[in-house]
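This report describes a single protein chain and the ligand modelled with it. Please consult the sequence and the structure below while reading.

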Amino acid sequence: MARQHRNPDDLHRPVLLDTVVEHLATAPAGLFVDATVGLGGHADAILAQRADIRLVGLDRDDAALELADLKLARWAGRYELCHSDYRALPELSERRGWAPLSAVLVDMGVSSLQLDDPDRGFSFRLEGPLDMRMDRRERRTAAELVNRLDAGELRALIRDYGEDPHAGRIARAIVVARESGPITSTGELAHLVEQAIPQRGPRRIHPATRTFQALRIAVNRELDGIEEFAIATARQLAPGGRLAIIAFHSLEDRAVKRAFRYLASNCECPPEIPTCVCDKRAEVKLLSSKPLQADEAEVAANPRARSAKLRVLEKI
Ligand SMILES: C[S@@+](CC[C@H](N)C(=O)[O-])C[C@H]1O[C@@H](n2cnc3c(N)ncnc32)[C@H](O)[C@@H]1O
């Protein structure tokens, strides 16, 4: 649980803050959705800049919502928080009559609040239960994956979501270790991975970094439904409304890019057909062909910003 004395500002630094605020500045007045409100950093800056909007903040982590509420308290009456997966937004917004939406922001991934709390089990640096659930109402934890998947499934998971070249060795080491009892703690898993990987020269990152990332992505099904979400959400925007998505993983960003390109395209005919026979028309315009990224100063101040990629579209 979030502790009342904790200050949201000390727990998570929002990435690309000025760029996000600038890109949402011209969206029409009305309802903004911060679909991963986290500790409320982006939401607070948006509410400060736009007196003509109300904001709904979603998050699947109840501890984050408690802290977002503290952070946003000065805007009481202008915001509402909901414990929800962002991928449920199109359905939620239909049910609650929120559309047409003025702007939607998604800042994917994990917050520092989650990473720095040993009880949440996200970090290989902190001893804790092997949990990693963002939404603690869900049942499947990282321990369950580590102790139940077979060697082939573990290898595929660590290779595909962690892009770890040693996925096979790590999977085998896990299967051997759990013969003497289940693996239940972050420290146990981190040690086991470290032992499984040959060390040649100095290490740039901790050997367990990629395995932990892969497990987190799998536990929270972070790569599922991104394209469907982006397409359905863009279709609920008001004309001139904006959708901004920050991705931290190349697989996430690829899904965002595919959805945005589809929404902006004027034709979906296969290349071998000489003239267009489809009805597809551009529904949005893309505000940049390449993703926007943090500059050196921001990366120096907040290393998490290094891998952030922001894409923004505007509804036609
Ligand atoms: C990088 S943080 C967001 C930080 C926030 N923009 C701020 O300024 O404080 C990501 C947040 O997204 C939440 N999250 C991740 N996946 C989610 C999902 N599928 N649905 C809803 N929230 C999600 C996490 O719980 C976390 O609080």
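Which helix and which strand each supply at least two residues of the shell around the ligand?

## Ligand shell

Helix 3 (41–49) and strand 2 (53–59) each supply at least two residues of this shell. Helices (H or I, at least four residues) and strands (E, at least two) are DSSP runs, numbered from the N terminus. The model is predicted: local features need pLDDT of at least 70 and side-chain atom pairs count only at pLDDT 80 or more, whereas totals for chains, interfaces and linings use all residues. Residues are numbered from 1 along each chain as its sequence is written.

Around the ligand there are 20 residues, of which Pro 14, Thr 36, Gly 38, Gly 41 and Asp 61 come nearest. A residue is near a molecule or strand if its C-beta atom, placed from the backbone, lies within 6 Å of it. The shell comprises 6 nonpolar, 8 polar and 6 charged residues. Here Ala, Val, Leu, Ile, Met, Phe, Trp, Tyr, Cys and Pro count as nonpolar, Asp, Glu, Lys and Arg as charged, and the others, Gly among them, as polar.

## Overall architecture

The protein chain contains 14 helices and 7 strands. Domain 1 covers 8–109 + 223–315, and domain 2 covers 137–219; the bounds come from an automatic or database domain assignment. The C-alpha centres of the two domains lie 31 Å apart.

Along its principal axes, the C-alpha trace spans about 60 × 60 × 40 Å.

An open sheet of 7 strands has the order 3-2-1-4-5-7-6, with mixed pairing (two strands pair if DSSP finds at least two bridges between them). Strand 3 (79–83) and strand 6 (284–286) are the edge strands, each pairing on one side only. From one strand to the next, the twist averages 15°.

Strand 6 pairs with strand 7 (residues 309–315) in the antiparallel sense over 3 bridges, and Leu 286 has Leu 313 in strand 7 as its bridge partner. Helix 13 (residues 250–264) packs on the sheet, touching strand 5 (237–247), strand 6 and strand 7; contact requires C-beta atoms, placed from the backbone, within 7 Å. The direction of helix 13 makes about 20° with that of strand 7. Axes are lines fitted to C-alpha atoms, for helices over the stretch in contact, and angles run from 0 to 180 degrees between N-to-C directions.

## Backbone details

The peptide bond from Ala 99 to Pro 100 is cis, with omega near 0°. Pro 100 lies in the loop between helix 5 (89–96) and strand 4 (101–107).

Definitions and conventions: Contact = placed C-beta atoms within 7 Å.
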